[in-house]
Amino acid sequence: MNFVQLVSTLGFALWCTHGRCEARQSFKNVLVMLGDDVGFETSVYNNTICKTPNLDRLARRSVTIQHGYTSVSSCSPSRSALLSGLPSHQNGMYGLHHSVHHFNAFDGVQSLPVILGKSNIKTGIIGKKHVGPDNVFKFEYDRTAPDYDLLQCARNITRMKQFVREFFEIDDSRPFFLYIGFNDCHRCPESRYGDFCEKFGNGQPGFGNIPDWKPAYYDPKEVIVPPFLPDTPATRGDISNQYTSMSRLDAGVGMLLDELESHGYLNDTLIIFTADNGIPFPNAKTNLYEAGMGEPYLISSPVETSRWGQVSPSMASTIDILPTVLDWMGVSFPSYSLMGMEVVPSGKSLLPVTRMEPSSPSFGHAFASHNFHEVYMYYPMRVMRNKQYRLLHNLNYRAPYPLATDLYDNPTFLDIMNRTESGQPTKWFKTLDQYYYRDEYELFDLQADPLETTNLAGNSSYGDILAEMKKSLRDWRMATNDYWICYPEGVRYKNQCADIHNAPPNIL
């Protein structure tokens, strides 16, 4: 038996760097990379124009989830759900954390970094955090805004690399959980750096230089316009800038893989890549249609290599990340209660996907829950998506669907508005009225109607499907202590729903 075999058998790894080798204990570490407003603009998901060589590199050692979903298409609520394992209606972070919005999770929430820290696991976060309060989402190592400039800690991947190295230098005798919150590809409204901050660090005069990034530029005529967006010059220019921002995120993924490898962690680290919500375009971000709920999702196990490079048809949610990490680390979920009810995570571990295609029914559906984005954007939605259908319950359906600042202030949407006002064809697949005003229930057959244009909720032929999905959605809401459970038809009273007789009047 040679030395390499010996140290492996004893639970050690041979770590070599700068020509020197040493035996070091092998751990089960975790790296989670979260894109900001990132969609499927990557060759991993068959976009042949937007080049993402580093995500391709990660995909070659990962299982690519074909049906990955966010649990809520809004930044802070999504991040809180990921880190708590609870939907935002259960963890209390109903909307954005920063500024006037000021939403926070309940003080009693037990988040992933706190749970892991109690098991002597080193925890770190670099980049965009955007959740609170700090004591609930407490990381041992924290390099995030507002303590650090967001551009520098979440888009400047060379500065982020320095933070990563700093984290790795802290007591390497413990396993680690490192969470990277990229700020690409979020919009930068009213920024001199461009709509996606795509000019930041590009090496041109006045924009600074990020040494680890070589910007990629795209001809607007060549970009791929998703079918849920209007194919116009304004949209194409918008997407072109988005692609450049995506190239910086991709370079950041490559940087992180290189740092894992150079520090000897690549072969004992579980890696997960996904995003918080849909892309910042109409019908996507803050919506829970397919374009807003669907996310890229890669999971790389250094132990289970037989599925590397494969695509899984399983359905996964960002709410599955907490149970996956705990499963990998061998840490139990703590026993605690919120609002008088025992907390039981509704997600599942994704480790079975890394071994073989799972047969459990839990891999055949995903739930989502949305309440606010910005504080004035009250539009609660509850959603179930299975392999064929999506059911949306729009609880505030009598109000117009509200717009976030960055979803109004962008070339694509402003062009839709201008074309509508001037009577020109918008080239969009719906009108503004159709976008703003929605039915209480929307049921779509994603196989026959991928753009979700035909609501089947009122079609008697789909009555059984509607009833079954309504029941499943309600059961999930009950299990997650959804305080909106009676809304809009009733009020919660003595743990029951009292009818308040507020059905909309008939309009002749």
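Which residue just after helix 15 takes a positive phi? The residue is N481, with a phi of about 55°. The model in which this value is computed is a predicted one, where local features need pLDDT of at least 70, side-chain atom pairs count only at pLDDT 80 or more, and totals for chains, interfaces and linings use all residues. Residues are numbered from 1 along each chain as its sequence is written, and side-chain values use heavy atoms, with hydrogens and water left out.

Helices (H or I, at least four residues) and strands (E, at least two) are DSSP runs, numbered from the N terminus. Helix 15 comprises residues 463–479, 17 residues in total, and its first and last C-alpha atoms are 24 Å apart, close to the 24 Å expected at 1.5 Å a residue; that expectation is 1.5 Å times one less than the number of residues. Its buried residues are L466, M469, L473, W476 and R477, where buried means under 20% relative accessible area, exposed over 50%, and partly exposed in between (1.4 Å probe, protein chains only). Viewed down the axis of helix 15, these buried residues fall within an arc of 100°, so they line one face of the helix; the arc is that of the directions from the helix axis to the C-beta atoms. The face turned away from the buried side of helix 15 carries the exposed residues D464, E468 and K471. The buried residues of helix 15 pack against helix 4 (88–91), strand 14, strand 15, strand 16 (389–394) and strand 17 (441–445), with contact taken as heavy atoms within 4.5 Å.

Helix 10 itself (residues 321–329) is mostly covered, with eight of its nine residues buried; among them are I321, L322, W328 and M329.

Most residues other than glycine have a negative phi, and most peptide bonds are trans. N283 has a positive phi near 75° although it is a residue other than glycine. This asparagine is found in the loop between strand 8 (269–275) and helix 9 (290–293), and N283 counts as buried at 3% relative accessibility. H501, likewise not a glycine, has a positive phi of about 55°. H501 is placed in the segment after strand 19 (496–499) and counts as exposed at 72% relative accessibility. Cis peptide bonds are found from G132 to P133, with omega near 0°, and between A145 and P146, with omega about 10°. P133 lies in the loop between strand 5 (122–127) and strand 6 (141–144), whereas P146 is in the loop between strand 6 and helix 6 (150–154).

The structure holds 26 salt bridges, each defined as a side-chain nitrogen of Lys or Arg within 4 Å of a carboxyl oxygen of Asp or Glu. One of these joins the side chains of E259 and R165 (3.0 Å, N to O). This pair links distant parts of the chain, with E259 in helix 8 (residues 233–262) and R165 in helix 7 (residues 157–168), 94 residues apart. E259 counts as buried at 4% relative accessibility, while R165 is partly exposed, with a relative accessible area of 38%. The side chains of D406 and K285 also meet in a salt bridge (2.9 Å, N to O). D406 lies in helix 12 (residues 405–408) and K285 in the loop between strand 8 and helix 9, so the pair ties together parts that are 121 residues apart in sequence. Both D406 and K285 are buried.

E357 lies in the loop between helix 11 (351–355) and strand 14, and R307 in the loop between strand 10 (298–300) and strand 11 (310–317), so the pair ties together parts that are 50 residues apart in sequence. E357 counts as partly exposed at 32% relative accessibility, whereas R307 is buried, with a relative accessible area of 7%. Salt bridges that share partners also join D36, R79, K128 and D276 into one network.
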